[in-house]
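Dear colleague,

Please find the structure below, together with its sequence. The findings follow directly after it.

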Amino acid sequence: MAAHRSIGVLGTGAYLPKEEITNAEIAARFEVTTEWIERKTMIQCRRYAAPHEATSDLAAKAAEAALDNAGLTAEEVDFLIVSTSTGDHAVPATSCLVQSLIGANRAACFDLNIACSGFVYALEVARSLLASRPGARALVVAADLYSRFIDHDDRSTAVLLGDGAGAAVLGEVAAGGGLHDVDLRGFGGAAELLVIEAGGSRRPASAETVADKAHLLRMRGREVTEFVLGNVPGALMELVRRNGLQPAEIDHFIPHQANGVMVGKIAQEAGLGWAHLHLTLPRYGNMGSASVAVTLDDANRSGALHDGDLVLLSAFGGGMAMGNCLLQWSVGGVG
């Protein structure tokens, strides 16, 4: 039987497009004020990709930043996983495009699409792959480019969503560190709460689907909020306690950057008031799958994370789906 290996984060990276879309620009489209947007969401601005940028471009830049942070080259990557629901194409996988862009020529590549929960799902997949491969390393990238998949006349999505990419390199860390426990859950019965209806096999592209704006994201915002608050806090408390901990022992809480008011309620209801709540949404908005990855990188590069700190990641959204992860931060890998 193979010896147990602790798998953790060796490095992180992020990439945010240059163009900032302020609340003033969003408010001008709707009968709202900038104060209303910030009070309801805590978002001040979001980033949009340049016309020449696709999801793979954002992902590649985040991946290179993570590799640099880990002190590794692309040739040392064994597995490349890209989490996205806004890929460059239906075929090929966006991960294959990222592989080519960064030169990860010996990596096995695949995409994972579970919307905003994707980064945490991908971490667990990577951990499983690395557990049976001594010395192997995985590059997990989460990237979404929602500015091309939202109706810019729909306040429920235009206020919240932006573009970005985050990445993490995973490998073996000192015993006792790394990913301790991951809880993944699906709620397919609520799939209609967040959906892009057209462009797949159910409703292929046609003049009618384009006229109906059926290729753009539709969200039932109030019901999404009810779903999240009804499911996420309890799942977080369950994860913490099954690891013999109390919520007050968690040092850092890094949630999906869906809405600042919502994540504040999650932290409160889950008993995480003592944890450092990390928020990047005031600057970047909701970046879909990239949100947790970008915020983890922000926490890492700011110096907030210290060796041995307990970090709780929480991702949730379309599917509907949820992924929560308890990890102990480790400085440096093994081997």
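Arg-218 is partly exposed, because its relative accessible area is 29%; the scale used throughout calls a residue buried under 20% relative accessible area, exposed over 50% and partly exposed in between, with a 1.4 Å probe and protein chains only. Its side chain meets that of Asp-154 in a salt bridge, at 3.8 Å from N to O. A salt bridge here is a side-chain nitrogen of Lys or Arg within 4 Å of a carboxyl oxygen of Asp or Glu. The two residues are 64 apart in the chain, with Asp-154 in the loop between strand 6 and helix 6 (155–158) and Arg-218 in strand 10 (residues 218–219). Helices (H or I, at least four residues) and strands (E, at least two) are DSSP runs, numbered from the N terminus. Asp-154 is buried, at 17% relative accessible area. Both residues belong to a network of salt bridges that also links Asp-151, Asp-153 and Lys-213.

Please note that this is a predicted model, in which local features need pLDDT of at least 70 and side-chain atom pairs count only at pLDDT 80 or more, while totals for chains, interfaces and linings use all residues. Residues are numbered from 1 along each chain as its sequence is written, and side-chain values use heavy atoms, with hydrogens and water left out.

Salt bridges

The whole structure contains 20 salt bridges. One of them joins Asp-78 to Arg-133, at 3.5 Å from N to O. Asp-78 lies in the loop between helix 3 (55–70) and strand 4 (79–83), and Arg-133 in the loop between helix 5 (118–131) and strand 6 (138–145), so this pair ties together parts that are 55 residues apart in sequence. Asp-78 is buried at 8% relative accessibility, whereas Arg-133 is partly exposed at 39%.

Within helix 2 (residues 34–41), Arg-39 and Glu-35 are four residues apart, which means about one helical turn. Their closest N and O atoms are 2.9 Å apart. Arg-39 is partly exposed at 47%, and Glu-35 is partly exposed at 46%.

Nonpolar cores

A nonpolar core is a set of buried Ala, Val, Leu, Ile, Met, Phe, Trp, Tyr and Cys residues joined through side-chain atoms within 4.5 Å. The largest has 44 residues, of which Ile-250, Leu-272 and Leu-312 touch the most other members. Among the elements that give two or more residues to this core are helix 8 (221–242), helix 9 (260–269) and strand 13 (310–317). Helix 8 gives the most, with eight residues. Apart from this core lies another, of 33 residues, including Tyr-121 and Leu-179.

Beyond its neighbours within four places in sequence, Leu-272 is in contact (heavy atoms within 4.5 Å) with Leu-236, Pro-247, Ile-250, Phe-253, Ala-267 and Leu-312.

Aromatic pair and cysteines

How many aromatic pairs were found? The count is one, where rings of Phe, Tyr and Trp (its six-membered ring) pair if their centres lie within 6.5 Å, and planes under 30 degrees apart count as stacked, over 60 as edge-to-face and the rest as tilted. The ring centres of Phe-187 and Phe-227 are 5.0 Å apart and the planes stand at 80°, so the pair is edge-to-face. Phe-187 is in the loop between strand 8 (178–186) and strand 9 (194–195), and Phe-227 is in helix 8, 40 residues apart.

There are zero disulfides, a disulfide being a pair of cysteine sulfur atoms within 2.5 Å. For Cys-45, the nearest cysteine sulfur is that of Cys-116, 19 Å away. For Cys-96, the nearest is that of Cys-109, 4.9 Å away.

Yours sincerely
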